[in-house]
Every structure is written in structure tokens, then in C-alpha cells.
Amino acid sequence: VGSVDGAAALAEALRVNTTLTSLDLGYNKIGANGVKAIAEVLRENTTLIELNLRQNKFGADGAKAIAE
């Protein structure tokens with residue numbers, strides 16, 4: 001997932017997700033743009049309740065996107 005394209009593809013999958021409730025994306029080198037794509041989709045996704053983003057590379061901008 002360590003690329004923007006990988007994170008964007010994952011975000012699209014999460015957009016239509018209706019079964020996955022937990023996702024571990026720790027240690028995947030996800031950057032700020034990748035996590036922003038994921039954060040955007042999570043605003044619509046009501047199924048996923050647990051997301052691990054430990055030890056990625058998205059910094060303060062990415063963290064802010066997830067928090068919003």
C-alpha cells in the first residue's frame with residue numbers, strides 16, 4: 001500500500017465495503033496523500049470500526065485528515 005496509487009485503490013475498495021469491520025494498515029509507508037484518500041472515504045464508510053495506521057509516514061497533515 002506504500003504508494004499513493006495503492007492507498008487510492010484501497011480507498012475505493014473501502015468506499016463499497018459492507019463487511020470489513022477491522023483493518024490493520026500498520027507499517028505500510030502510507031504518506032499524507034494516501035491517508036487523506038483513505039480519510040475521505042471513511043467519512044462515508046459506516047462499517048469499518050477499527051483502523052490501525054501505526055508506523056506510517058503521513059505526518060501531521062495526514063493525522064489531521066484522519067481526525068476530521
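I49 is located in the loop between α2 and β2, where helices (H or I, at least four residues) and strands (E, at least two) are DSSP runs numbered from the N terminus. The structure is a predicted model, in which local features need pLDDT of at least 70, side-chain atom pairs count only at pLDDT 80 or more, and totals for chains, interfaces and linings use all residues. Residues are numbered from 1 along each chain as its sequence is written, and side-chain values use heavy atoms, with hydrogens and water left out.

With a relative accessibility of 72%, I49 counts as exposed. In this analysis, exposed denotes over 50% relative accessible area, buried under 20%, and partly exposed the range in between, computed with a 1.4 Å probe on protein chains only. Although I49 and T21 are 28 residues apart in sequence, their C-alpha atoms are 5.3 Å apart in space.

Helix α2 comprises residues 32-42, and its buried residues include G34, V35, I38, A39 and V41. These residues lie on the same side of α2 because they cover an arc of only 165° around the axis. The arc is that of the directions from the helix axis to the C-beta atoms.

Most residues other than glycine have a negative phi. Q55 belongs to the loop between β2 (50-52) and α3 (59-67), and its relative accessibility of 54% places Q55 in the exposed class.

N56 likewise lies in the loop between β2 and α3. At a relative accessible area of 16%, N56 is buried. The side chain of N56 makes two polar contacts. One reaches the backbone nitrogen of K29 at 3.0 Å, and another reaches the backbone oxygen of L53 at 2.9 Å. A polar contact is a pair of N or O atoms within 3.5 Å; within protein, one atom must be able to donate a hydrogen and the other to accept it, and residues adjacent in sequence count only if both atoms are side-chain atoms. When residues up to four places away in sequence are not counted, N56 touches L25, G26, Y27, N28, K29 and I30, contact being defined as heavy atoms within 4.5 Å.
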